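Hi,

Here is the structure I said I'd pass on. Have a look at it first, and my notes follow below.

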Amino acid sequence: MPQPINRQEMKNTAKAILRDAQVKLRAITALFLFLSLLLNQISSLLLSRASQLTEGINPLELFPAVIVDLASTVLSCGWILYCMGIYQGQRKEYAALGDGFSFAGKIIALSILEELLLGVRLLPAAMCVYAVYFSGMPMSSTEVTVCGLITVFSLYLTITALYSYRFSRYNLCEQPGMGSLRALRMSVLQTRGHKRQLFFLDLSFLGWLVVSLLPALYLLMVSLNPGFQGPGSTLGLTLLADVWYLAAAVFFLPYFQLTDLGYFDALKHSPGLEAQLPPGAGR
């Protein structure tokens, strides 16, 4: 039976690391979040421009936006590498944010693999939602109920898979010479029997996430209800939402990341892990 992990102990360790680190992790987090936000804005502008140039979207016109999104994914692994170094007591420089680009191909391959696997699990839910709400076909109450059950089961499988793949990037960042498939398989084995603990870890940070997204939630309310009367322009609210999220995330994201790395450190050498992996799988 999997041994429980002391969540409070992991959190206390993360707080101690943040307090005693030789470099300020929140400063590098602010830089990482700013660059990520900048890349996301560039990607959105490229997509908007591509849709305006033609009536439909040409796949070739999406290529620049895809490249920017992939660069953001690689950058996130650079931040993970930085946090890993801090967790291990190393001193890191700001340039370490770019370390992920040294094995960008494997990071991109892992990201595509994860999205494909998650997409397969989510596909039944998407088909059911389309059938019920957008197809225009008449459906009996029994058919609607069946679609609802399929959707719930599909979402359950997707969320379970998300937790199964939780440590895949950590594995790849810790051992860049590892294959993407092996990193994914290792994560599935490492998280086996511990998904509930990881879920409760996420729940313990839910308050911080809600606080960081308050302006964004208000903006969503405005966009979904044109008749809603509230202060501020859409542009001003969007800017406020971005700045608010950055300020809140700079405070809680390093804390969460170090706590999550503590879980990874406790589970990465699970007994019998290597024996369950096919020899050389994904290398």
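**What I found**

Serine 180 sits in helix 7 (residues 180–190); helices here are DSSP runs of H or I with at least four residues, strands are runs of E with at least two, and both are numbered from the N terminus. Serine 180 is buried at 11% relative accessibility (buried is under 20% relative accessible area, exposed over 50%, partly exposed in between, with a 1.4 Å probe and protein chains only). Its side chain reaches the backbone oxygen of lysine 106 at 2.9 Å.

Before going on: this is a predicted model, where local features need pLDDT of at least 70 and side-chain atom pairs count only at pLDDT 80 or more, while totals for chains, interfaces and linings use all residues. Residues are numbered from 1 along each chain as its sequence is written, and side-chain values use heavy atoms, leaving out hydrogens and water.

Overall, the protein has 12 helices and zero strands, and 37% of its 283 residues count as buried.

There are six salt bridges in the structure (a side-chain nitrogen of Lys or Arg within 4 Å of a carboxyl oxygen of Asp or Glu). One of them joins arginine 166 and aspartate 202, with the closest N and O atoms 2.8 Å apart. Arginine 166 is in the loop between helix 5 (141–164) and helix 6 (168–174) and aspartate 202 is in helix 8 (residues 195–204), so the pair ties together parts 36 residues apart in sequence. Arginine 166 is buried at 16%, whereas aspartate 202 is partly exposed at 21%. Asp260 joins Arg166 and Asp202 in a network of salt bridges.

Cheers

Technical notes:
A polar contact is a pair of N or O atoms within 3.5 Å; within protein, one must be able to donate a hydrogen and the other to accept it, and residues adjacent in sequence count only if both atoms are side-chain atoms.
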